[in-house]
Structure formats: C-alpha cells, structure tokens
Amino acid sequence: MAKLNLNQLSKSFGPVEVLKPMDLEITDGEFAVFVGPSGCGKSTLLRTIAGLEESSGGDILIDGARVNDTDSSERGLSMVFQNYALYPHMTIFENMAFGLRIAKTPKDEVTRRVNKAAAILKIEHMLDRYPKTLSGGQRQRVAIGRSIVRDPKIFLFDEPLSNLDAELRVQMRIEIARLHETLGATMIYVTHDQVEAMTLADKIVVLKDGRIEQVGSPLDLYNAPANRFVAGFIGSPGMNFLDGTVEGAGNGQCCVALACGGHVALPLRDAPAVGAPVTIGVRPEHVSLGGAADEGVAATVLLTEQLGDETHVHLSVKGSEGAIVAQVRGQVKLRSGTGVTMMIAPEGCHLFDETGLARRDPAAAQPEIAAAS
Amino acid sequence: MKTRSVKDRSVALLAWVFMAGVTFLFLYPFWWMIVSSFRSQEAMLLEPTRLLPESFNTRAYGDIQTLGGVKLWLYTFNSVFITVAATLIAVGVTALGAYALYRKPDLPGFRFIQFGFLMTMMYPAMLLVIPVYLVVFQLGLLGTYAGIILFLSLMPILFLMLVQFFRSIPKELIESAKMDGASEMQIFRKIVLPISKPILATVFLIGFLLNWKQWLPILVIATSPDQYTLPVALLSMNTELGIDFQATMALAAITTVPIIVLFLFTQRRVIGGFVAGAVKG
C-alpha cells in the first residue's frame with residue numbers, strides 16, 4: 001500500500017502535449033479511477049505513472065519518494081493490461097511466477113505466493129494450463145493474479161474489462177471491487193466506461209484533452225459537476241442541456257428563461273448577471289412528463305426505450321439541438337410524435353455559465369439530491 | 001443455368017490444362033536431370049528428350065566420387081557445414097538486430113541501416129565480387145571457412161522478415177515483462193525467443209535454402225577446392241576439355257534433390273513466412 005502524488009506532471013510526444021501539467025493525490029488504500037473519452041490521456045497518464053512512458057515535466061512521488069527516474073520494475077507497481085499480456089508459452093503458474101523468478105525469489109516462496117493469489121482469485125485448478133485454453137474472463141483473472149503475486153505498492157489497471165462481454169464485465173467488476181476490499185491496496189484504474197468508474201471508485205479523476213477536469217467521489221461528481229463536460233460525461237443516460245438566459249436574480253434564486261419556452265427558478269445566490277446566456281443541466285430523473293401546459297415546456301416524443309422498471313422517453317423541444325431524455329418510473333407507452341408537457345424539477349437543475357463552468361452556492365451542493373441518494 | 005455451368009467447366013478445364021502445362025515446364029528440367037544422370041552421354045545426344053532411361057547406368061555416380069582431387073563427401077560436408085553455420089549465425093544476428101529495431105525504432109542510424117539492408121538486396125551479386133574479395137582479404141579471411149561463413153551469414157531478407165514478425169508481438173507483453181523486472185536480454189531470451197520459435201524455424205529454412213545454392217562468393221573467397229561446396233563443384237565440371245553431361249547431371253541431382261525434398265516437406269512454413277510479413281506488416 002502506498003500513496004501517490006503527482007506534482008505538475010506533464011507529458012509530450014514531440015510537439016504534442018498529451019498531458020498538461022497536473023496535480024493529483026491518491027491516498028493509501030484508495031481506489032482511483034481515471035475516466036474520460038478516447039484520446040483524453042488517461043492511459044498515457046497511467047503509463048507515465050507506471051514508468052512505461054517518460055514524463056516530460058513535474059514529479060511522480062510514491063510514498064513521498066520521487067520515482068521519475070526509477071525503472072518501472074523498481075517503482076513497486078504492477079499493471080493489468082487490457083489485452084491481458086499473458087506469456088503464451090508459459091503455464092498459468094509460470095506466468096504468475098515470472099516476476100518472482102526474475103527477482104530470484106526462493107522456490108518455496110514462489111509456490112506459496114502463487115498458490116495464495118490463485119486461491120484469492122479461485123484459479124487454483126488452472127495453474128497447469130496455458131493461456132490459450134482459458135476464456136477471456138479467466139485470462140483477466142490470471143493477469144490480476146500475476147499482479148497480486150508481486151505484492152505491489154499500487155495496482156494499475158489499464159481498461160482491464162474492455163475485451164470482455166457485458167455480463168462478464170459486470171462479474172469481473174464485482175470481483176475487482178471485492179479484491180480491493182480484501183487487499184486494501186491502492187489501486188488506479190483506467191476506463192472510458194463511466195459506469196465502471198461510478199461503481200468501483202473511491203475517487204474519480206475525469207480527464208479531457210490531457211487536463212484534469214474534476215477530481216472527487218462518484219457522488220460528488222454526479223451531484224456537483226464542476227463543468228458542463230463532467231456533467232455530461234458522468235451519469236447514464238447523460239445529463240440534458242437546455243440553453244437559456246438569466247432573467248432575474250435575487251433572494252437566493254436565479255430565474256432562467258429557457259430557449260425552448262418556460263422558466264426555471266434555481267436556488268442560487270451567486271447568479272450570473274441578468275441577460276447572461278447560460279445552460280441549464282438537468283438529469284433525466286429530474287425531468288417528468290405531464291402537468292399543466294403553462295408550468296412546463298411543450299415537447300414531442302421522439303422514441304421510448306422500455307427498460308422494464310423504468311422508461312426513457314426521448315423528447316424534442318424547441319431550440320434544443322439534441323434530444324431531451326426523461327427517465328420515467330414504470331412502463332410508459334408513448335407513440336413517437338405525441339405532444340407532451342415536460343416538467344423540470346428546479347432543485348435538480350445545474351447552471352453553467354457561458355464558459356461551461358458550473359455556478360453553485362459553495363455550502364449547498366444540491367442538498368435535496370444528495371439526501372435522496 | 002446449364003450453359004453457364006458448361007462454360008464454367010470449360011474455363012476450369014482450360015485453366016487446368018494451362019496449369020498442367022506450366023507445371024510440366026517447371027518440373028521437366030528436374031526430371032530430365034535425374035533421368036540423364038542414368039543415361040550415357042551417347043544416348044543423351046542421340047535422343048535428348050527421352051522421358052525414361054533405357055537402362056540405369058550408374059557409372060556417373062561412381063565417377064563423381066572424386067572431383068578435381070577432392071572427395072565428393074568433402075564437397076557435401078562443406079555444403080552442409082557452411083550452409084548450416086552461416087544460416088545459424090544469420091538467424092542469431094538478425095534476430096538480435098531485428099529485436100533491437102523493434103524495441104527502439106528511433107535509435108539514430110537504424111533507419112539508415114534498414115535502408116542499407118534493402119539496398120544490398122537490390123544489388124546484383126556480381127557487382128560485389130571485387131569488394132567482397134578486398135574486404136575478406138583485408139580481414140585475413142581469404143581461403144578460410146570463417147570468411148565464407150561470415151559472408152554468407154549476411155542475410156538482410158531474414159532481418160526484414162524478423163522485424164515484421166516482432167512488430168506483430170503485442171507491446172504489452174514486453175512491457176509486462178519489463179514491469180516484472182526482466183532486463184532487455186531476459187525479455188528477449190525468456191519471452192520473445194520462445195514465442196518466435198515458429199518464425200525462427202521458418203527463417204532458418206529460408207536462409208538454408210538461399211545459402212545452399214550460393215556459389216559466387218564461395219568461388220571468390222575460397223582459395224582451394226577443399227573449401228568448395230556442391231554448387232561450386234558443379235560449376236567446375238564445366239571444363240575446357242568439355243562437359244560430361246551424365247556426371248554433371250548426377251552431381252546436379254545430388255546437389256538439388258535433397259534440397260527439393262526439404263522444400264517439399266517444409267513449403268507451407270516457408271511460404272507462410274514470406275506471406276506473414278506481407279499480411280501483418
């Protein structure tokens with residue numbers, strides 16, 4: 001177990017700055033997830049921490065010691081790769097023992113540690129087999145086992161579940177979460193799947209274009225996104241965005257006139273100036289259908305997605321480019337083209353200014369939603 | 001429908017006849033060589049295109065047991081020894097070089113070296129006669145097995161094939177070994193070489209086939225018939241006093257038949273090796 005600090009860490013490939021100078025702290029035993037769209041630099045960040053890429057600037061500190069110039073094998077890290085990276089000509093036992101044998105660990109100790117890791121991952125019965133005879137999930141388990149055997153200070157996972165089918169991914173996700181609980185080790189996990197990030201992480205680091213957009217717990221990010229990008233990236237289905245203009249502010253409230261018609265009064269003391277263009281973000285669970293026509297926004301049903309216990313209704317509203325999604329409890333059947341009234345819960349609204357930054361009162365980060373969760 | 005089927009069959013038949021013709025054109029010289037090695041010179045001149053020998057006249061096989069004062073077994077030994085040694089060195093050295101290029105493609109001078117390798121493949125061998133002679137002479141290796149083997153171990157095609165193969169190894173495999181604490185040499189020895197066994201075998205076979213037929217560099221570097229290989233001995237049978245067709249064909253058969261048999265048994269691997277580079281590149 002160890003803590004990791006990044007101080008102004010940056011990485012460039014030639015003239016391209018892939019990671020802009022960034023600071024980050026991952027505490028002892030924490031499960032941190034780097035998440036972001038393709039090309040945001042999350043894998044490069046992980047590889048730089050691992051020592052597989054050389055940093056261009058700043059410091060990487062593990063337990064306070066600078067490791068920028070330390071060889072990857074001596075940083076006390078282990079990595080699980082997306083494509084498993086198992087040695088095809090070695091048995092599972094040999095794969096797991098490889099690092100220990102390189103380190104000239106006594107034979108008994110190698111056997112003990114491999115067997116212990118195999119027991120944790122329930123792969124004892126396949127130690128004599130070769131990787132090609134295993135399924136994707138089993139291979140990934142072996143890859144994790146190979147990491148455990150080395151007893152690293154920090155576990156690194158580079159999109160480890162991306163090659164697995166949906167069902168197996170859920171199963172492995174639970175196993176990784178359980179493993180984190182069992183080992184209590186510091187883990188850094190890279191994924192583009194925000195569901196994985198939300199379910200696994202103690203701390204999520206959202207990256208975009210080589211820059212950290214926000215760091216926080218999953219619910220912090222969900223309830224109080226720092227900007228429009230994080231708001232749109234975290235949560236599934238994603239947050240809806242509606243353009244509007246501030247038409248009044250005062251008494252801890254900010255009234256926004258929406259371009260699609262209708263008004264929203266948000267609880268917000270630090271409101272932008274009257275007339276300022278803003279964007280209102282609202283999650284699908286805070287959009288409902290029905291109500292009086294003069295209190296809501298007129299919308300047209302585009303399509304409905306039946307999920308059994310709830311229905312996602314995709315709506316088209318005037319002045320909005322994309323569809324607005326309403327998450328409705330139960331099974332609702334609506335024909336496409338049907339006109340409905342869309343209601344927005346003001347307490348579930350987020351306000352983003354012209355630059356895309358969230359405006360919210362420092363003390364009250366969506367108290368109603370936090371309580372509900 | 002029926003018309004089309006008849007047309008298809010006719011095309012197939014034509015194609016078959018054409019391919020059979022081409023196959024015959026390629027196989028006939030080999031067959032002629034073997035048949036002629038059992039026919040007397042006179043019979044050969046009287047009826048050169050005969051498909052089967054009148055009788056199995058094995059005189060030539062006895063006559064060629066000693067050629068130019070050197071025993072046939074020595075030529076054979078030289079051929080096998082020089083070919084195997086040169087090919088082993090070639091595979092070993094090019095594998096290391098190709099691995100280095102795969103791991104650090106941006107090292108200064110590497111692209112130039114690779115380009116140089118390509119250039120040597122485009123050069124006609126005849127152009128190299130004088131430079132080869134001078135270099136080997138300067139190195140003091142003229143007239144030695146070492147000189148011949150060293151020259152024949154320069155096989156850029158093997159290097160290019162190995163580079164192509166190494167590039168197909170997932171880089172995560174190497175990185176994983178690196179994080180496991182393995183040194184570059186350990187990664188090469190314990191990870192890359194074992195998974196490269198099939199391509200190494202293929203590359204060795206290709207190198208063997210290419211080196212077996214070499215004669216010009218050996219003729220340049222060797223200073224005595226004691227160092228000649230079978231192809232060079234074959235060449236020396238064409239003397240000022242004339243050609244003994246039967247003996248020449250007998251030696252040609254001894255030189256080529258084993259290698260043809262080797263190729264027939266391993267052709268899938270050899271052709272696969274060439275194609276692998278093209279597809280995976």
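1. Ground rules. This is a predicted model, with local features needing pLDDT of at least 70 and side-chain atom pairs counted only at pLDDT 80 or more, while totals for chains, interfaces and linings use all residues. Residues are numbered from 1 along each chain as its sequence is written, with chains lettered from A and ligands numbered from 1 in the order in which they are written.

2. The sheet. Chain A has an open, mixed sheet of six strands, running β6-β7-β8-β3-β9-β10. Helices (H or I, at least four residues) and strands (E, at least two) are DSSP runs numbered from the N terminus, and two strands pair if DSSP finds at least two bridges between them. β6 (77-80) and β10 (211-216) of chain A are the edge strands with a single partner each, so one side of each has no neighbour in the sheet. From one strand to the next the twist averages 20 degrees.

3. In chain A, β3 (residues 31-35) and β8 (residues 186-191) run parallel, joined by five bridges. Val35(A) has Thr191(A) as its bridge partner in β8(A).

4. Where the chains touch. Chain A puts 17 residues into the contact and chain B 14 (residues are in contact if their C-beta atoms, placed from the backbone, lie within 7 Å). On the chain A side, β6 and α2 (92-102) each supply at least two residues. That side has eleven nonpolar, six polar and no charged residues (Ala, Val, Leu, Ile, Met, Phe, Trp, Tyr, Cys and Pro count as nonpolar, Asp, Glu, Lys and Arg as charged, and the others, Gly among them, as polar).

5. A helix pair in chain B. The axes of α5 (residues 110-122) and α8 (residues 156-167) of chain B come within 9 Å and cross at roughly 135 degrees (axes are lines fitted to C-alpha atoms, for helices over the stretch in contact, with angles from 0 to 180 degrees between N-to-C directions). Phe117(B), Thr120(B) and Met121(B) of α5(B) meet Pro156(B), Ile157(B), Phe159(B) and Leu160(B) of α8(B). By class, the residues of this contact are six nonpolar, one polar and no charged.

6. Chain B overall. DSSP gives chain B 14 helices and two strands. Its C-alpha trace spans about 75 × 75 × 30 Å along the principal axes.

Notes
Contact = placed C-beta atoms within 7 Å.
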